[in-house]
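Please keep the sequence and the coordinates at hand while reading.

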Amino acid sequence: MRTSSRHDKVIARIHRIAGQVAAIERSVLSEAPCADPLHIVSAVRGAVAALMDELVHEY
């Protein structure tokens with residue numbers, strides 16, 4: 001992960017994950033049906049796994 005473009009892509013991915021985590025909080029605070037935050041949690045798990053794979057591969 002030595003190029004600025006790759007670095008920018010990783011940072012963008014991290015920001016998307018942060019937005020998803022914030023969406024979990026909003027969903028729980030608004031007392032949404034249980035399936036709603038669980039769906040977002042599932043998406044976050046996938047996004048974090050993909051980020052981990054990318055970081056391991058690039059570094």
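In this predicted model, the buried residues of helix α1 are Val10, Ile17, Ala23, Ile24 and Ser27, and what covers these buried residues includes helix α2. An α-helix has 3.6 residues a turn, so residues three or four places apart point the same way.

**The two helices**

- Helix α1 covers residues 4–29 and helix α2 covers residues 35–58.
- With its 26 residues, α1 reaches 37 Å from its first C-alpha to its last, which is close to the 38 Å expected at 1.5 Å a residue.
- For α2, which has 24 residues, the span from the first C-alpha to the last is 35 Å, close to the 34 Å expected at 1.5 Å a residue.

**How α1 and α2 pack**

- The two helices pack at an angle of about 160°, and their axes lie 9 Å apart.
- Because angles over 145 degrees count as roughly antiparallel, α1 and α2 are described as roughly antiparallel to each other.
- The contact of α1 with α2 is made up, by class, of 17 nonpolar, 2 polar and 5 charged residues.
- The crossing in which α1 passes α2 is left-handed.

- Ser27 is placed in helix α1, and with a relative accessible area of 8% it is buried, since buried means under 20%.

**The loop between the helices**

- Which residue takes a positive phi just after α1? Glu31 does so, with a value of about 55°, although Glu31 is not a glycine.
- Glu31 has its place in the loop between α1 and α2, where a relative accessible area of 71% makes it exposed, as the cut-off for that term is over 50%.

**Exposed positions on the helices**

- His15, placed in helix α1, is exposed, with a relative accessible area of 54%.
- Leu38, whose place is in helix α2, is exposed too, with a relative accessible area of 52%.

**Separations along the chain and in space**

- His15 and Pro37 are 22 residues apart in sequence, while the distance between them in space, C-alpha to C-alpha, is 18 Å.
- Ile40 and Ser4 are 36 residues apart along the chain, and 30 Å separates their C-alpha atoms.
- Leu38 and Ala49 are 11 residues apart along the chain, with their C-alpha atoms separated by 17 Å.

Technical notes. Residues are numbered from 1 along each chain as its sequence is written. This is a predicted model: local features need pLDDT of at least 70, side-chain atom pairs count only at pLDDT 80 or more; totals for chains, interfaces and linings use all residues. Side-chain values use heavy atoms; hydrogens and water are left out. Axes are lines fitted to C-alpha atoms, for helices over the stretch in contact, and angles run from 0 to 180 degrees between N-to-C directions. Helices (H or I, at least four residues) and strands (E, at least two) are DSSP runs, numbered from the N terminus. Angles under 35 degrees count as roughly parallel, over 145 as roughly antiparallel, 65 to 115 as roughly perpendicular and the rest as oblique. A crossing is left-handed if the near helix is turned anticlockwise from the far one by less than a right angle, and right-handed if clockwise. Ala, Val, Leu, Ile, Met, Phe, Trp, Tyr, Cys and Pro count as nonpolar, Asp, Glu, Lys and Arg as charged, and the others, Gly among them, as polar. The expected span of a helix is 1.5 Å times one less than its number of residues. Buried means under 20% relative accessible area, exposed over 50%, partly exposed in between (1.4 Å probe, protein chains only). Contact means heavy atoms within 4.5 Å.
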